[in-house]
Each structure stands twice: as C-alpha cells, then as structure tokens.
Amino acid sequence: MANSITSIVRPVETEAEKEARRLEQVRAQTALDADGIMEGMKLLQAMHDKGLLEILVALFDRGDKVMSKLVDIVSTPGATTALQTALAALQGVGKIDGAQIAKSLDGVAAGVDRVANAELSTKPMSVFELLKQLRDPDVSAALRLGLEFLKGVGSSVRQRDEGSHS
C-alpha cells in the first residue's frame, strides 16, 4: 500500500528565476506599449535638451523646501488676490465664444493697421469735421459696434448690482 502524503513541497523560486520572470514581464509589456514608450522617451529627451528635466529633478530633490517657500509666497495677501483675479479672468474667458473673439480681433487688427499707416494731424478737429466723419459708413459701423459693447458691459454691471441688492 502507498504511503500518504503528509506535506506538500512547493518548488522554491531562486532569485535568478524571479529576476528572469520579471525581465520577461517587462519585455512583454514594453512590446505592447512600444509607441507610448518611444513618445515618452522623446519627451524626456526634449525636456533634457531644454534643461527642464534638470529643474524638475532639483524640485523633487528639494521638494519640502520648495513647497514651504511656495506656501509662504501664496499665503501673502497680494498673491491671494492675484490668484483670485486670475481664476475670475479664466472663468470669464471660458464664457466667450472663440469665433466671436476671432471676429472681434480681426477688426482690432484692421484698426491697428489703419492707425499705424495713418498720418494724423495735430490740428484740433472741428465739430463740423466730426459730424462729417459720422457719415462715413466705417466710422458709423465702428461707433455702433462700440455702443453695443458698452450696452453689454452696462447690462452686466446693472444685473450684478441689482442681484447684490436683493
């Protein structure tokens, strides 16, 4: 009759076998993610070429001192106000349609170009000359645009003021 098994002997993996298994896992994963790894290596090289990698390493090496200094700077009243202003500006910019901004900036660029190439007289303009300019379709369009802009700003300010008095 056969003897009963009283203990199970599991094979013990040697350090060399563990290392070989890990290297094989790394090789297999590297083959799967080759494109991403290559892009990451390009990014690291570009950061190294520009000196950014050295700066990041130094920041991580001295992280506690850097964070302490950053907290000191950010906790000053001026920095807090600046951060709040920057956040409010970003929120405002996020509300603006990009196509509208592009159209408006085209007009601003055309106006700046016109001013850069204009020969301006230092002689004061008479009321009659000003009224004559109002008949110019371009001047009229610009004034109408400016007035619409002012109406929009005024409406927003009025709504904000009425909302705060409620």
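Is lysine 18 buried, exposed or partly exposed, and what is its relative accessibility? At 28% relative accessibility, lysine 18 counts as partly exposed, where buried means under 20% relative accessible area, exposed over 50%, and partly exposed in between (1.4 Å probe, protein chains only).

The model is predicted, so local features need pLDDT of at least 70 and side-chain atom pairs count only at pLDDT 80 or more, while totals for chains, interfaces and linings use all residues. Residues are numbered from 1 along each chain as its sequence is written, and side-chain values use heavy atoms, with hydrogens and water left out.

The protein contains eight helices and zero strands, where helices (H or I, at least four residues) and strands (E, at least two) are DSSP runs numbered from the N terminus. The radius of gyration is 34 Å, against the value near 15 Å that a compact globule of 166 residues would have; this radius is taken over C-alpha atoms, and the globule rule is 2.2 Å times the number of residues to the power 0.38. Along the principal axes, the C-alpha atoms fill a box of roughly 125 × 45 × 40 Å. Of the 166 residues, 1% count as buried.

A search of the whole structure finds seven salt bridges, each being a side-chain nitrogen of Lys or Arg within 4 Å of a carboxyl oxygen of Asp or Glu. In one of them, lysine 18 pairs with glutamate 15, with the closest N and O atoms 3.7 Å apart. These two residues are three apart in helix 1 (residues 15-32), and therefore about one helical turn separates them. Glutamate 15 is exposed, at a relative accessible area of 55%.

Helix 8 (residues 137-164) holds lysine 151 and glutamate 148, again three residues apart and about one helical turn from each other. Their salt bridge has its closest N and O atoms at 3.8 Å. Lysine 151 is exposed at 55%, and glutamate 148 is exposed at 51%. Also in helix 8, arginine 158 and glutamate 162 are four residues apart and meet in a salt bridge of 3.7 Å, N to O. Arginine 158 is partly exposed at 48%, as is glutamate 162 at 45%.

Turning to nonpolar surface, Leu52, Ile55, Leu56, Leu59, Phe60 and Val66 form a patch. Such patches are made of residues with over 30% relative accessible area and no salt bridge, with nonpolar side chains (Val, Leu, Ile, Met, Phe, Trp, Tyr) joined within 5 Å and like charges within 9 Å. Helix 3 (residues 52-61) gives the most to this patch, with five residues. Leucine 59, found in helix 3, is partly exposed at 38%.

Terms used:
Accessible areas come from the Shrake-Rupley method with a 1.4 Å probe; for residues, only the protein chains shown count as cover.
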